[in-house]
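Hello,

Here is the structure I promised to pass on. Please open it first, then read my notes below.

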Amino acid sequence: MTKIGIKEIAAMADVSTATVSYVLNGTRNVKLKTRERVLKVIEELNYKPNDIAKSLKIKRTNTIGVIAEDVTVFNVPEIIDGINDFADQHDMHILLTNLRLHKRIGRNFEHTENYRKYAVNAVSELLSKQVEGIIYIGVHPRELTGLIDTAGKPIVYTYCYTQNDLSIQYNDELASYEAMCHLIKKGHTRVAIISGIMNSLPSQRRFNGYYKAITEHQLPFDPQLVKMGDWEAESGYRLTQELLALPDRPTAILSMNDVMAVGVLRAASEADVHIPKDLSVVGFDNREFSSYLIPRITTMDLPLHEMGFQAMDSLTRIIRGEILDLNPLPSCTLIERDSVAPPRG
């Protein structure tokens, strides 16, 4: 039997021998489709990628670099906790770098040149410490292709994404759809939505879920019930005032985040509209304060811990040269509290 090595694998996968080596030892950034093609050939040949990797004399450090755009933003700590949970279970080490972008640039994420240097410096520092791979945690889901170069080390993104690398996200559209279905099952047929900034991916996907629920349940679509906010409480307050001024006002509001839901509650209180007797409210994100408001807000809980755990699991599999069996997007969970009731009458 002819011995099959890296050259033969490269020929069958229609790639260079260098690419096969890059896939196995993580020394270059290989596109996901190319990596999958190489690993598929290895699997068909009944090779064990770990055995081949050992023959390349890879030096393992069991250390993963984690770049957080800002650890003070609500989503980041729980993602980091998921990463640490996986690391503890598999005897791995984490090196964490905090870019502090929220304090440094605010919400000006569209201008990547304003913060590229912070990300580049973080990658350089982590690579100098011989990390085997990097996890990049965003504070806002957005496109980051070209922001950094990991010099061939594998990288997984979460709460943000690029065109060339694996990204672990949650299912925004499904979450919004399920929130709407919850309101519709309670009897609501006029449900307003207060979105975030519409050029953001979460806003677009959450609106898609809202529209899908309306369509599937054959409810009329009223553009007057769609309001565009900016993720801040003041916009939730102002837009709720507009909704409550409509001749045929909504019986429920889906707020695309809990912060804007605070504004919804304030506007309703000032208008002597009682929640949930006169108006039901569903928020998003399950921020800690949402359970302390009066009434306590029904909201969608994000699978942040699962995202961190899955990002770490996927990265370690890439490092080991395994074929990734990508799981479905982690799902959000409806947290039922006191802000939803059937409409009057």
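**Charges over rings**

Arginine 206 lies over the face of phenylalanine 284, and the distance to the ring centre is 3.8 Å. There is a second case. Arginine 266 has its charged end over the ring of tyrosine 237, 3.7 Å from the centre. Keep in mind that this is a predicted model.

**The overall picture**

The protein has 345 residues, and 50% of them are buried. Its secondary structure comes to twelve helices and eleven strands. The C-alpha trace spans about 80 × 40 × 35 Å along its principal axes. Now take the contacts between residues at least 6 apart in sequence. Of these, 72% join residues at least 24 apart.

**Aromatic pairs**

How many aromatic pairs does a search of the whole structure find? The search finds seven. Start with phenylalanine 207 and tyrosine 210. Their ring centres are 6.0 Å apart and their planes meet at 35°, so this pair is tilted. Both residues sit in helix 9 (residues 201-216), three residues apart, which means about one helical turn separates them. Is tyrosine 210 buried or exposed? Tyrosine 210 has a relative accessible area of 1%, so it is buried.

Phenylalanine 207 also pairs with phenylalanine 221. Here the ring centres are 6.5 Å apart and the planes are at 80°, so the pair is edge-to-face. This pair links distant parts of the chain, 14 residues apart. Phenylalanine 207 is in helix 9, while phenylalanine 221 is in the loop between helix 9 and strand 7 (226-228). Phenylalanine 221 has 35% relative accessibility, so it counts as partly exposed. Together, Phe207, Tyr210, Tyr211 and Phe221 form one aromatic cluster.

**The largest pocket**

The largest pocket holds about 420 Å³ of space. It is lined by 19 residues, and Val73, Phe74, Arg107, Val139 and Arg287 are the closest to its centre. Which classes make up the lining? There are ten nonpolar, four polar and five charged residues.

**A buried serine**

Serine 195 belongs to strand 6 (residues 191-195). Its relative accessible area is 3%, so serine 195 is buried. Leaving aside residues up to four places away in sequence, serine 195 touches Lys227, Met228, Gly229, Asp230, Met256 and Met260.

**Backbone points to check**

Most residues other than glycine have a negative phi, and most peptide bonds are trans. Some places here are worth a look on that account.

- The peptide bond from isoleucine 275 to proline 276 is cis, with omega near 5°. Proline 276 is in the loop between helix 11 (258-270) and strand 9 (280-282).
- The bond from isoleucine 294 to proline 295 is cis too, with omega near 0°. Proline 295 is in the loop between strand 9 and strand 10 (299-301).
- Aspartate 14 is not a glycine, but its phi is positive, near 60°. Find it in the loop between helix 1 (6-13) and helix 2 (17-25). Aspartate 14 is exposed, at 65% relative accessible area.
- Glutamine 218 has a positive phi of about 55°, and it is not a glycine either. Its place is the loop between helix 9 and strand 7. With 71% relative accessibility, glutamine 218 counts as exposed.

**One last residue**

Aspartate 325 is in the loop between helix 12 (304-319) and strand 11 (333-335). Its relative accessible area is 67%, so aspartate 325 is exposed. Aspartate 325 and leucine 166 are 159 residues apart in sequence, and their C-alpha atoms are 12 Å apart in space.

Best wishes

Terms used:
Residues numbered from 1 in each chain as written. Predicted model: local features only at pLDDT ≥ 70, side-chain atom pairs only at ≥ 80, totals over all residues. Heavy atoms only, no water. 1 Å grid on protein atoms, 1.4 Å probe; cavity = no way out; pocket = protein on both sides within 12 Å on 5 of 7 lines; lining within 4 Å. Points joined across faces, edges and corners; volume = space filled by probe spheres on them. Nonpolar A, V, L, I, M, F, W, Y, C, P; charged D, E, K, R; others polar. Phe/Tyr/Trp six-rings, centres within 6.5 Å; stacked < 30°, edge-to-face > 60°. Helix = DSSP H or I, 4+ residues; strand = E, 2+ residues; numbered from the N terminus. Buried < 20%, exposed > 50% of the residue type's maximum accessible area, 1.4 Å probe, protein only. Lys NZ or Arg CZ within 6 Å of the ring centre and 35° of its normal. Contact = heavy atoms within 4.5 Å.
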